[in-house]
Amino acid sequence: MNYLSVENLTKTYGERVLFEGLSFGLGKGDKMALIANNGTGKSSLLKILVGEDVSDGNGRVVIREGVRMGYLTQEPQFPKDVTINELIKGANSLILTVIKEYQDALEKQAEDYNEETHAAFEQASLKMDQYQAWDYETRMVQILGKFNIHDLNQTVGSLSGGQQKRLALALVLLDNPELIILDEPTNHLDVEMIEWLEKYLMQTNITLLMVTHDRYFLDRVCNQILEMTDGKLYHHKGNYSYFLEKRAEREEIYQTEIDKAGKLMRSELEWMRRMPQARGTKSKSRVNAFYETKEKAMSGKKELELKLEVKMSRIGGKILEMKKVYKSYGDIPILKGFDYTFKKGERIGIVGKNGAGKTTFLNIITGTEKADSGKINTGETIVYGYYSQKGIQLKEDKRVIEVLKDVAEVITMADGSKLTASQLLQHFMFPPNMQYNPVSKLSGGERRRLYLLMVLIKNPNFLILDEPTNDLDLLTLNKLEEFLMNFPGCLIVVSHDRYFMDKLVDHLFVFEGDGVIDDYNCTYTEYRNIVEEREEQQAKKEKAAKEEKQEAKTPKEKTKLSYMEQREYGILEKEIEELEKEKKELEETLNTADTDYEVLEKATNRYGEVMKSIDTKTERWMELAEYAD
């Protein structure tokens with residue numbers, strides 16, 4: 001059963017063709033990832049699927065009738081002056097509509113009970129079941145809490161970009177959609193949030209199409225990969241590891257075919273040059289075959305490839321010393337006497353929940369923020385390259401090449417050669433036809449790639465990367481990883497990308513909150529294993545303590561009544577007998593037609609009390625009767 005059918009989609013911007021004639025389907029329960037390089041139209045395709053944009057030509061998108069769909073855009077836009085609570089209540093949410101319909105039907109039935117109002121109430125109740133809306137309030141608290149959103153009276157404008165992305169994701173999940181389309185869902189999530197989202201999306205009743213650069217997340221969640229390259233689609237039924245294997249096989253076969261065609265073309269070219277005078281039918285067919293072979297041999301399109309080869313400044317013996325560094329914001333401590341001496345060639349990863357102070361720590365190192373107290377001594381030869389989450393603010397109408405020329409016209413590379421600004425941009429996958437485009441036409445990933453170039457052009461020997469994987473495509477990530485693995489200087493990385501961290505760092509600073517920073521000499525996966533083992537041991541201790549406490553509370557097996565219980569047993573028999581007698585008298589009073597209204601009212605109230613008392617005392621009498629002689 002197809003939830004989503006896509007036929008013949010095409011999108012162009014001016015002379016640039018993003019994709020052409022794309023067709024695919026998404027069946028119930030499928031979990032598909034869309035993989036493509038930055039600037040090839042991933043976000044544009046998703047916008048067409050959800051109706052925020054249209055295909056050129058006669059392409060069409062069909063979503064199965066009645067299927068609830070949720071969509072997370074890469075950069076959510078919210079009104080700034082409303083509170084989170086107002087935003088949730090005012091959202092055009094199917095579930096909120098269903099809840100309102102149920103509340104209205106309930107009120108109408110209470111006011112005027114008849115067949116029509118009862119039928120409407122029954123219908124509204126069925127809808128509540130269908131949309132699983134009964135526990136909406138509970139789920140709202142749970143999901144918002146998972147994404148660290150607790151104060152619903154905050155205005156949306158007071159939230160950071162990352163908080164707004166998390167809020168947008170929470171709102172999508174709150175609607176309990178059957179079909180979910182997500183554009184970079186793991187951006188701005190810490191690792192705990194990502195792991196929770198993984199488990200949520202792995203549920204069998206969710207159908208998913210997403211764009212993500214997080215390879216662990218992609219590998220664990222998705223069972224299908226849709227690869228978009230050169231405007232074409234390749235469908236792989238398997239996870240990310242399977243996709244890598246099959247893509248490599250395809251490229252190898254394709255290259256072999258091109259190589260064979262090239263060799264054949266060279267031999268046939270000699271024949272063509274001899275210009276046979278009398279060409280019969282066989283000769284003409286051979287000429288036609290030659291041109292077909294030539295077309296095949298020349299079809300190998302040279303792909304743009306990211307080249308990270310900048311020169312690193314010389315690094316001396318003294319790197320960076322931080323002694324008794326304190327930092328807090330009001331009552332919230334970020335650093336409590338942090339001490340560390342950085343060594344040459346260190347590769348440190350920083351992890352911790354959002355808001356624990358990771359970015360503040362980096363800003364203190366680079367001098368963009370001041371510590372409250374303590375000493376920070378930086379070596380004279382240290383040149384920081386700081387790739388921050390915020391990126392750089394560029395004039396939207398400025399051309400890409402002008403941005404680079406403002407820094408340098410000529411750049412020295414690692415091997416001593418010199419490149420012009422235009423040549424260096426080509427190394428960073430900005431071909432000449434893109435270099436004169438305004439910045440406003442760059443995709444999110446292309447902007448981040450340009451920012452990376454602006455950082456590396458300064459020839460740093462101490463690289464600090466704060467969430468560098470956000471919005472970068474997988475090809476760029478692989479090249480960045482290769483470069484960083486061979487980078488001889490110091491490296492600090494803050495990232496929620498577990499694959500990226502595992503590959504690059506062997507030492508972790510873990511921000512626990514409240515100014516506490518734990519130091520682990522291990523990879524990220526090894527750290528997670530330590531944490532899981534610790535949590536497992538703690539859970540076992542808690543379980544054992546609970547069982548011990550329960551055992552202590554459990555009374556010894558009872559065999560007979562104590563003296564006091566024997567006495568209570570006798571009294572209860574008499575009390576129940578008296579109450580039964582009073583009950584009969586009250587029933588006689590209530591059945592007398594000419595009894596005064598006030599007497600009736602008192603008798604009615606007393607009758608209720610007597611019945612309740614009989615039930616309570618009878619229940620206790622039966623408990624005691626079990627052990628009575």
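Of the 629 residues in the chain, 43% are buried (under 20% relative accessible area with a 1.4 Å probe, protein chains only). The model is predicted, with local features needing pLDDT of at least 70 and side-chain atom pairs pLDDT 80 or more, while totals for chains, interfaces and linings use all residues. Residues are numbered from 1 along each chain as its sequence is written, and side-chain values use heavy atoms, without hydrogens and water.

**Overall build**
- The chain has 20 helices and 20 strands, taken as DSSP runs (helices H or I, at least four residues; strands E, at least two) numbered from the N terminus.
- Among contacts (heavy atoms within 4.5 Å) with a separation of 6 or more, 68% join residues 24 or more positions apart.

**Nonpolar cores**
- The largest nonpolar core has 100 residues; such a core is a set of buried Ala, Val, Leu, Ile, Met, Phe, Trp, Tyr and Cys residues joined through side-chain atoms within 4.5 Å.
- Helix 6 (residues 161-174) gives the most to this core, with eight residues.
- Leu-167 is one of the residues with the most contacts inside the largest core; beyond its neighbours within four places in sequence, its contacts include Phe-78, Leu-144 and Val-156.
- A second, separate core of 28 residues includes Met-322 and Phe-509.

**Lining of the second largest pocket**
- Four nonpolar, two polar and 11 charged residues form the lining of the second largest pocket (nonpolar: Ala, Val, Leu, Ile, Met, Phe, Trp, Tyr, Cys and Pro; charged: Asp, Glu, Lys and Arg; polar: the others, Gly among them).
- Helix 7 gives the most to this lining, with six residues.

Key. Buried < 20%, exposed > 50% of the residue type's maximum accessible area, 1.4 Å probe, protein only.
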